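User: I'd like to learn how to read side-chain features and helix packing in a protein model. Can we go through one together?

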Amino acid sequence: MHIKYRPDIDGLRAVAVGAVVLFHAGFVAFSGGFIGVDVFFVISGYLIGRALFADADDNRLSIARFYERRFRRILPALLVVITVTLVVASFVLLPSELVSFSKSMVASTLFGANFYFQVTQNYFGGVPLSKPLLHMWSLAVEEQYYLVWPIAVLLLYRFGLTRWRTPLIALAIILSLTAAELMLGYSPKTSFYMLPARAWELLAGAIIATGDLPAVRRRTLAEALSALALALILAPVVLYTETIRFPGLSAVPPVLGTALLIHIGQSVQSRTHRLLSLPPFLFIGLISYSLYLWHWPIFSLHFIVAQRDATTAEAIAMLALSVLVAWGSWRFIERPFRRPVPDRAPRRTIAVLLASAFALFAVAGAGLAIVALRGLPQRLPSAARFVDRQRTQPPEIQLGCMFQGELRPDAVSRCFERVRRDPRGKIVLWGDSFARHHIDVLSPRIRAMGLVPVSFIATGCLPTPGVDATFGRGRIDARCGEFSNRVAAELATMPGLRGVVVGARWSNLAGIDFPGGVRDPTARYLMPHGTDIRTLNNSIGALSSALSAIAAAMDRRAVPTTFIDEPPRYPRSAKGCIARAMWSSRPLGICGSDIVEQRRFRTPTVRIFDAALAASPRITRYDPLSLLCTPRCIPFQSGHLLTYDYDHLTRAGSAVALRGFVLPVSPPRAPRNDPAGTAARPGTGTAGTPADRSAPRPGTPPPDRR
């Protein structure tokens, strides 16, 4: 059966890849461009389903020929992109980065990139541009689908179940979409990266390919529905942001729009279809696969070398370069390998499959070799190798809990229950990742006092009870507010509580200008619970109310509390910048920042602490900035890396930052039968003598209580 070429589908490909590329280029007008991948999934599901159904209807479906066609379509350009990226990476990546790249390279060649990045990289968080092969996750999802779908079609026809194919596909769509939506509440990364949560998008194309759905033949209806379908694709491109709850139900509009356009185009060519068939759309559509493959390594390697986001001019230049390279890749790599093997040439089919397997394993083997060689560290001088070898280690938590990304209520409840059962005296460290990096330095000090260190850590969650935070500038993150409320409730009744230390990324508020003009997508709005006013002033007010509430609650219990201020925030990733400066013999000062700039961007939160200090006699603020900036803030001192990324301290950095820190601790409560007037009062250093709120250890600078 001859399958008719549809130019409008190439036009849809152009829309999909254009949305993705412009999103990755950093153009804020295309903040939802990531939905282009969902459009690709529907197109692939339709085209593959149509080809499989056509072969099955003609009784000539061959799994071997199917994979031979897939390999010729996908592998040549893919392997060239990976190989070229490896060559460039070997000149610009640090050994630790090259090891990470090589692991992703192995995963990509074996079509398991989604599994690798599900463990190592949040697509919408962290620093995705530092992963040159991150975009390979979507190809892995498709290839895993291709492992299952042809066999499913073959079994449907083998057992005479073709009349059930549409109902079964519809059922699978419902189950997969339901799983995607439910998984968002449990593990968003699993929902984003994994085939079971993405299969419904590919199956949405497959159900159109059955030809069983009612055709739209009335031109007026077709015109209206086609325009609506294109709007369902384009609206999310400009309205969605990285912070939306995605995929799940929020992926329905672009998936539905794509499926509707493809379905209508089977019977009527509307104005929308003719628009998508115009030459500019066709050109981008034809090179869309190569463009998708090449653009991300180009953007990523620029980011790694420059150690910053691209300017608008640089982004436009990289877009032009991506299109040029993609055209060459399509013309000289994709097209020659697409020549079909005759149906009755099984030896050639087997030869293609064997050659493909050999090429895949050869590239994967190169990646494994680089991992075994530890990223070729001999390329760097010894000082740079030393810095690059620095690793973040998970802190040792004696009692309490640490959550990274997922806050399951059952796990939180178990954590609090363990703490309640322990009657010993405790000092609690509460906060986000900025409290986390102090655990290993503070815990030994707490134990030396005969007390138990308790950690309540939720990375990405400011300790702000009664306050809702947004994911970046998007939807409200209810998990963080709920966790903060529960911690505050626990502290109000916790047995043996002798002190509280609170640390957080206080200035991570949308609207604050960060040092170096860096745009932080994780900067968020804070709002009193039940409100939704998104301004910097409202965020500052909400933060002030939350910290004052913590101070008042601890004051009522006579529990001294110290808020630890932030370390410097650098415009470049500290470890990579320092190691590269040493690699290229440049001064380390290029990785630093001025202390005046650091104090300026923190001014709004400093005022909040001032208000809390004035209201409560047992509250202190500790500012480590003067110890980390001497006088210029440089993330490397006395042979030690102090900051790992942009602002998270290494253990050595925490030790320097807390050099002058005095633990807040109240004396033990007097026994109930103690004669009145002889016991030390809570919150006092000796009987009848007010405790010194900021007295430092001898020879150390005092806490900053400004």
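Predicted model: local features only at pLDDT ≥ 70, side-chain atom pairs only at ≥ 80, totals over all residues.

User: Which charged residue sits over the ring of Phe-53?

Analyst: That's Arg-165, whose charged end is 4.6 Å from the centre of the Phe-53 ring. Another arginine to look at is Arg-569, which lies over the face of Phe-514 at 4.2 Å from the ring centre.

User: How many aromatic pairs does a search of the whole structure find, and how do I describe one?

Analyst: The search finds 25 aromatic pairs. A pair of aromatic rings is described by two things, the distance of the centres and the angle of the planes. Take Trp-506 and Phe-563: their ring centres are 6.0 Å apart and the planes meet at 70°, so this pair is edge-to-face. The cut-off behind that label is a plane angle over 60 degrees.

User: Where in the chain do Trp-506 and Phe-563 come from?

Analyst: Trp-506 is in the loop between β6 (497–503) and β7 (526–528), while Phe-563 belongs to strand β8 (residues 561–564). The two are 57 residues apart, and the pair links distant parts of the chain.

User: Are Trp-506 and Phe-563 buried or exposed?

Analyst: Trp-506 and Phe-563 are both buried.

User: Let's move on to disulfides. What are they in general, and how many does the structure hold?

Analyst: A disulfide is a covalent bond that connects the sulfur atoms of two cysteines. The structure holds four of them. Counting bonded cysteines along the chain, the pattern reads 1-2, 3-4, 5-6, 7-8.

User: Which cysteine does Cys-401 join, and why is that disulfide called left-handed?

Analyst: Its partner is Cys-415, with an S to S distance of 2.1 Å. The torsion about the S-S bond of Cys-401 and Cys-415 is about -75°, so the link is left-handed. Cys-401 sits in strand β1 (residues 399–404) and Cys-415 in helix α18 (residues 409–421), so the bond ties together parts that are 14 residues apart in sequence.

User: Are Cys-401 and Cys-415 buried or exposed?

Analyst: Cys-401 is buried, with a relative accessible area of 7%. Cys-415 counts as buried too, at 0% relative accessibility. The cut-off for that label is under 20%.

User: What about Cys-577 and Cys-591?

Analyst: A disulfide joins Cys-577 to Cys-591, S to S 2.1 Å. The angle about the S-S bond of Cys-577 and Cys-591 is -90°, and the link is left-handed. Cys-577 lies in helix α23 (residues 574–583), whereas Cys-591 lies in the loop between α23 and α24 (595–601), so this bond ties together parts that are 14 residues apart in sequence. As for burial, Cys-577 has 5% relative accessibility and counts as buried. Cys-591 is buried as well, at 3%.

User: How far apart are the sulfur atoms of Cys-629 and Cys-633, and is that link left-handed or right-handed?

Analyst: The sulfur atoms of Cys-629 and Cys-633 are 1.9 Å apart, and the two residues form a disulfide. With 100° about the S-S bond, the link of Cys-629 and Cys-633 is right-handed. Cys-629 is buried at 4% relative accessibility, and Cys-633 is buried at 0%.

User: Next, helix packing. At what angle do α3 and α16 pack?

Analyst: Helix α3 (residues 63–92) and helix α16 (residues 346–372) pack at about 30°, and their axes are 9 Å apart. Angles under 35 degrees count as roughly parallel, and α3 and α16 are therefore roughly parallel to each other. As for handedness, α3 passes α16 in a left-handed crossing.

Note on methods. Residues numbered from 1 in each chain as written. Heavy atoms only, no water. Disulfide = S-S within 2.5 Å. Helix = DSSP H or I, 4+ residues; strand = E, 2+ residues; numbered from the N terminus. Buried < 20%, exposed > 50% of the residue type's maximum accessible area, 1.4 Å probe, protein only. Phe/Tyr/Trp six-rings, centres within 6.5 Å; stacked < 30°, edge-to-face > 60°. Lys NZ or Arg CZ within 6 Å of the ring centre and 35° of its normal. Axes fitted to C-alpha atoms, helices over the stretch in contact; angles between N-to-C directions. Parallel < 35°, antiparallel > 145°, perpendicular 65-115°, else oblique. Left-handed = near helix turned anticlockwise from the far one by under 90°.
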